[in-house]
Structures are given as C-alpha cells and as structure tokens.
Amino acid sequence: MPTETLSITTSAGHSLDGALEMPTGLVRGAAVFAHCFTCTKQSRAAISVARALAARGIATLRFDFTGLGGSEGDFGRAGFATDIADLVAVAGVLRERFDAPLLLVGHSLGGAAVLAAAHELGLENVGAVATIGAPSDVPHVLHIIQGDHDAIRADGEGPVTIGGQSFSVSREFLERTEAVKLLDFVKELRLPYLALHSPTDAIVGIEHAGALFQAAFHPKSFISLDDADHLLTKREDAEYAAEAIASWATRYLPMRDDWPMPEEGVVVQTGHGKFGTEVHTVSHRFIADEPRSYGGDDTGPTPYDLLLGALGTCTAMTMKMYADRKGWPVDGYRVHVTHERNHAEDCGHAVFEEEGMEVQALNRSIEVLGDDLTDEQRAKILEIADKCPVHRTLEGHLHIHTESAS
C-alpha cells in the first residue's frame, strides 16, 4: 500500500509521528490504529491491521503515542489521559481530511484508549470501534510496570522497566492510570463495537473481553483469536485479526453515494500510489495497478492483464455456451493468452515496419477438458473460439473516439 508520513501537533504542542496507509484505489473511509502499551506504530499488529484496512479502501493511520517511537513528549509523565488526547488530535486531522466518521482500532492499552477517545469524540466523529486484547480495567497495566511504585509516589518520579525497556515514570503517570474507570465510558457508548481477544492471553486475561462485551450496547461482536499471544507476534495471528476487522468494518463504513458506478460501460478513476487505478462497472469494482518492478504496488492486474483476460474469458464463455447447447461432454476449458510486442520482426512483416506501424499479437493456447469428446467435437469447439465477441472486436475495424467530459 502507498504510505504517507504525517506529523500531527497535539494540544500540548508536541508532534506525533504517523504513517498513513492509503488504498491504491478510492478511499471509502478512514481509521486510526492505536498501538499497545510501550509498542510503536511499527508493531506487527499495527502494520498488518493498517494495511489490511487500506486494501479494503479504508485509509488507516498508525502513529506513535507521546514519548514513544518517533513522537515527541515525555512518556513517563504522559499517562492514559495523554493517550486519549493524542487520539483526539489524530482523529481531528483525519476527520478534516476525509470528512467521514472514523473507525477506531486499538491494541491492548491502545484498545482501552480508543474506547475512551470514542466516548469523548462522539457519534458525529466515530463510526465504529474495534479492540484487540484490551483490558477492561486500565489500572491492570500497572502490574507489568516493574519498579518501586511506592517510592515513585513518595519521590514524585522513579525508574521502571516495561517489557524489557527502561523508563522513568512520574507519580502523575501512576495516579492518572489508577483513576480511569473504563467500563463507565463503555456503558455510555452507542457505537458498533468489535472485541477480539485470545482465550490464552497471558497478559490480559479473557475475562477482560467478557467485561467489555457485557458493558457495551448492541451492535457488538466478539472474535476469539485462538492460540494467539497478547502481542500477536505470529504473522498468521496478526493477519487473521486484520482481515476480521477489515471485513467487519465495511458494514459500518459503507461506500459513498458519489462513487462513479456507471449505468453502462466502465468508469476508471485514478487512486493513490504511482499507478493505482480503480475500475467501476455497472455492478463491480476492482483495482488495476502495475507490478513493483515497474514502480507500482502490485495490488491488481495490469492493463495488459485485463486485455488478455478479456479475450481469454470471452473465449471460454463462448466455447462453453456452444458445447452446452450441443450437449457435449466437456469438463471445462483452460485458455492461456500471452502478448507479443515484436510480432512484425518475428514474422518478417517488413511492409508494416516501413510504414511505421507496430505489429503486435495475442497468442492464445486452448485446452478443452473432457476424455469423452471426439476429435471432431474438439475441432469444432476450437473453431468456435474465433467467433467470440471480444476476438471479433479486437480483429475488426475498431475506432476509439475521445471527448472531453468537462
């Protein structure tokens, strides 16, 4: 996915470092991903979820909370209230850019933060909320902060270790965390909510998911992340969670009415990245792109893939329709189409070269599947292949007329 680097200024005046994962096609909505406690936007879960959402048309910002990763500020003095303020600042930037209610996704303590931020942002700014391994009791995170908490309260500040990393935290940090009553926020939410949690989570037990789910109002959903660890360190667990959230979210971030679905023909509109382009038919949409070797993002077929596919699919459909009408015992068809750019050179068509005309060719290999077909039937089916409508269009006198639509 195309990735933009963003810097967001908080109400406290320092900047947060963000990476916005953009769809290669059109944007149907926007989301914010809040990482786990002391993680960063580079965590496996953050990257997997953000890119899975972007692949479904949802621009997703993963960012570093205050004092972590590339963001400015003092993590040791920030606390949970600052995490909420960071989310409000980030949401404001995305809301202004994309002009639609946001999806908020949070992992671990980030999940608790998005629930609290959703409560503050309100229905007009948030469309849905999803959490992964979130605690229902925010003070619960204090047990993973290794250090002398009593000394910190007495002295005002002191050293701690969190997940193997050394920090200095303040008395205010501990007090702000202890004061949070997350379930009170959840009980007041009136937003679609998805909770994902592993029943074997050794850091935040499954009972936390139960408490959050019980407190939330419908529509609410739960997905069990079987055998996953708390940080989703296994790629398959992170990708499963990402795909589940992305699929669920599309129900609450529907396509806008102004998307260019035509009454006839095809509408093509440029998206993001170097070559990302969205193709809309009367009832379908998909992405066309170029491979990475050509500078694209490889998120869809190339224009020539589509051309070859048009001939191949039309060929297979035409042969099937004919054999079905005859009642012949065909098991299927396999059509392989390739593009040859130097056909004139290979065939010695000097006359075309002299006139400056480039001769290209589409080479089609057809396999008719079925052991009970006669040689005569196979030959007739192959003859019919040349009568497919796309074949006739490509070999006929085709004119392309262009006009300005503006």
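Two strands count as paired if DSSP finds at least two bridges between them. Keep that in mind as you explore this predicted model, and let us start with a hairpin.

**Stop 1: the hairpin of β13 and β14**

Select residues 277-280, which make up strand β13, and then residues 285-288, which make up β14. These two strands form a hairpin, with 4 residues between them. They pair in the antiparallel sense over 4 bridges. Click on E278 and look across to β14, where I287 stands opposite. Now try V279: its bridge partner in β14 is F286.

**Stop 2: the other side of β13**

The hairpin of β12 and β13 has 6 residues between the strands, and within it G273 takes a positive phi near 75°.

With the three strands shown together, you are looking at an open sheet in the order β12-β13-β14, with antiparallel pairing. From one strand to the next, the twist averages 25°.

Are the faces of β13 covered or uncovered? Both are covered: T277 and V279 are buried on one side, and E278 and H280 are buried on the other.

**Stop 3: the eight-stranded sheet**

Next, go to an open sheet of 8 strands, ordered β1-β2-β4-β3-β5-β6-β10-β11, with mixed pairing. Select 3-9 for β1 and 220-224 for β11 to find the edges; each has a single partner strand, so one side of each is left without a neighbour in the sheet. On average, neighbouring strands here are turned by 20° against each other, direction ignored.

G18 has F63 of β4 as its bridge partner. Then select β5 and β6, which run parallel and are joined by 6 bridges. Look for V105, which stands opposite A130 in β6. How many residues of β6 are buried? The count is 7 of its 7, so this strand is mostly covered.

**Stop 4: helices on the sheet**

Show helix α7 (residues 206-215), which lies across β10 and β11 and runs at about 165° to β11.

D83 is buried, because its relative accessible area of 11% falls under the 20% cut-off. Leaving aside neighbours within four places in sequence, D83 is in contact with F65, L109 and A113.

**Stop 5: two helices side by side**

Finish with helix α9 (residues 303-326) and helix α12 (residues 375-385), whose axes are 9 Å apart and which pack at an angle of about 135°. The two helices are therefore oblique to each other, and their crossing is right-handed. To see the contact, select T315, T318, M319, Y322 and A323 of α9 together with K380, I381, I384 and A385 of α12. Colour this selection by class and you will find 6 nonpolar, 2 polar and 1 charged residues.

Key: Residues are numbered from 1 along each chain as its sequence is written. This is a predicted model: local features need pLDDT of at least 70, side-chain atom pairs count only at pLDDT 80 or more; totals for chains, interfaces and linings use all residues. Side-chain values use heavy atoms; hydrogens and water are left out. Axes are lines fitted to C-alpha atoms, for helices over the stretch in contact, and angles run from 0 to 180 degrees between N-to-C directions. Angles under 35 degrees count as roughly parallel, over 145 as roughly antiparallel, 65 to 115 as roughly perpendicular and the rest as oblique. A crossing is left-handed if the near helix is turned anticlockwise from the far one by less than a right angle, and right-handed if clockwise. Contact means heavy atoms within 4.5 Å. Ala, Val, Leu, Ile, Met, Phe, Trp, Tyr, Cys and Pro count as nonpolar, Asp, Glu, Lys and Arg as charged, and the others, Gly among them, as polar. Buried means under 20% relative accessible area, exposed over 50%, partly exposed in between (1.4 Å probe, protein chains only).
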